[in-house]
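Please study the sequence and the structure before reading each solution.

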Amino acid sequence: MAETPRTLHIASWDDRFLAWLIDVILVGAILAGLGEVANVFSLLTGSLSVTTPFAGLNGLGLFVYWTVLEGYQGQSAGKMVMNIAITDERGDPIDYVTAAIESFGKAFLLPLDLIIGWLAYEEEGLRLFNKLSSTIVVETDEDVDSHPKDVEYVYPSDR
């Protein structure tokens, strides 16, 4: 007996951009806060401050952030807000190694990753590192995923 094919809705570039922007602002704020703590510490101890604008740490911070969250649950904070997730090509969860490959492009090589993706995989909606890691970004259906199938919820606005 043939199995019913799974339907996956590929996330729009707009949703993906907004999720990326949320993540960059969140991680940037955390790294900036850590930089300020380091500056205060250096003032209190009388040592020279060796902090820079975290040029290399921003990329590294984003890489670790995306690899851990997307490898663990398929979603970063930005993806959760936008109801999208990273999966393998069949819609199944990815592991940490796959998340690391996929995250490398957007953390360190985003312009190149996007341009090659748009030129080579326009119809598929993939970045280069999505293709290299065999991943896709899909829309999630919060109502279906978060509630038991045999329960109907009636919210105050529905009455």
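**Exercise 1: Two loop residues**

Asn83 sits in the loop that joins α3 (77-82) to β1 (84-88); helices (H or I, at least four residues) and strands (E, at least two) are DSSP runs, numbered from the N terminus. The model is predicted, so local features need pLDDT of at least 70, side-chain atom pairs count only at pLDDT 80 or more, and totals for chains, interfaces and linings use all residues. Residues are numbered from 1 along each chain as its sequence is written, and side-chain values use heavy atoms, without hydrogens and water.

Task: State what phi Asn83 has and where Ser134 is found.

Step 1. Most residues other than glycine have a negative phi. Asn83, although not a glycine, has a positive phi of about 55 degrees.

Step 2. Asn83 is partly exposed, at a relative accessible area of 31% (buried is under 20%, exposed over 50%, partly exposed in between, with a 1.4 Å probe and protein chains only).

Step 3. Ser134 is found in the loop between α6 (128-133) and β2 (135-139). Its phi is positive, near 55 degrees, and Ser134 is partly exposed at 32% relative accessibility.

**Exercise 2: A pocket lining**

Task: Determine how the lining of the second largest pocket divides into nonpolar, polar and charged residues.

Step 1. The lining residues divide into 10 nonpolar, 1 polar and 5 charged. Nonpolar means Ala, Val, Leu, Ile, Met, Phe, Trp, Tyr, Cys and Pro; charged means Asp, Glu, Lys and Arg; the others, Gly among them, are polar.

Step 2. α1 supplies the largest share of this lining, 5 residues.
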